[in-house]
Amino acid sequence: MSTTWQTRLADVIAGRHSSSGDPVDAGAQLRVFDDEGTEVFLQALARHHRVDEDDPQLIWIRPLVDGAESAELGYLFNLSATRRRGLSWTRAHLEENGDVALLLRSGETAIVQPAEGDLLAELQRWDRFTDRLTREEEAQLDALDSDSWHGQFS
């Protein structure tokens with residue numbers, strides 16, 4: 001049975017593609033290329049995504065931006081800056097190498113693929129950071145239904 005691009009997207013974002021079987025050893029990164037093929041964006045992705053209920057060709061994700069070391073508190077993310085982003089796509093497919101390619105309505109191409117190197121390390125820092133959140137706060141992040149964050153780490 002072949003894997004659909006939707007299944008692969010969910011597996012890569014959640015880290016269910018690790019050779020060790022431990023999702024902490026795996027995760028996703030997002031690469032975006034403009035219409036001329038120049039890479040314009042590269043970031044690790046948090047371990048959650050959501051297909052919009054009103055627009056099935058809109059996928060909500062959370063790129064991990066603005067993480068920084070704090071002398072007192074360790075590695076932190078500003079949750080007002082590390083907010084959800086939408087990938088509004090017209091065509092999607094699974095590449096031979098297992099990457100998920102989305103042709104975006106903007107004309108750009110988004111590639112969701114396994115995170116590597118520094119971006120995998122950033123995702124692992126995110127995992128440790130989210131251990132500080134309450135269950136309610138983590139559920140709010142996972143829902144990917146809000147553009148603003150109020151409370152701790154904002």
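**Starting from a helix residue**

Analyst: At 10% relative accessibility, E122 counts as buried (buried means under 20% relative accessible area, exposed over 50%, partly exposed in between, with a 1.4 Å probe and protein chains only). This is a predicted model, where local features need pLDDT of at least 70, side-chain atom pairs count only at pLDDT 80 or more, and totals for chains, interfaces and linings use all residues. Residues are numbered from 1 along each chain as its sequence is written, and side-chain values use heavy atoms, with hydrogens and water left out.

User: OK, which side chain does E122 meet in a salt bridge?

Analyst: R125, at 2.7 Å, N to O. A salt bridge here is a side-chain nitrogen of Lys or Arg within 4 Å of a carboxyl oxygen of Asp or Glu. R125 is partly exposed, at 25%.

User: How many salt bridges are there in the whole structure?

Analyst: The search finds seven. One of them pairs D11 with R16 (2.9 Å, N to O). D11 is partly exposed at 22%, while R16 is exposed at 53%.

User: Which parts of the chain does the R83 and D147 pair link?

Analyst: R83 is in the loop between β6 and β7, and D147 is in the segment after α3 (135–143), 64 residues apart. Their side chains meet at 3.7 Å, N to O, and R84 belongs to a salt-bridge network with both.

User: Switching to the sheet: what's the strand order?

Analyst: β2-β1-β9-β8-β7-β4-β3, an open sheet of seven strands with antiparallel pairing. β2 (39–45) and β3 (50–51) stand at the edges with a single partner strand each, so one side of each has no neighbour in the sheet. Strands pair if DSSP finds at least two bridges between them; helices (H or I, at least four residues) and strands (E, at least two) are DSSP runs, numbered from the N terminus.

User: And which strands does α1 lie across?

Analyst: Helix α1 (residues 5–14) lies across β1, β2, β4, β7, β8 and β9, at about 55° to β9. Angles run from 0 to 180 degrees between N-to-C directions, using axes fitted to C-alpha atoms, for helices over the stretch in contact.

User: Is α1 mostly covered or exposed?

Analyst: Mostly covered, with seven of its 10 residues buried, including W5, L9 and I13. Just after α1, G15 takes a positive phi of about 85°.

Notes. Contact means heavy atoms within 4.5 Å.
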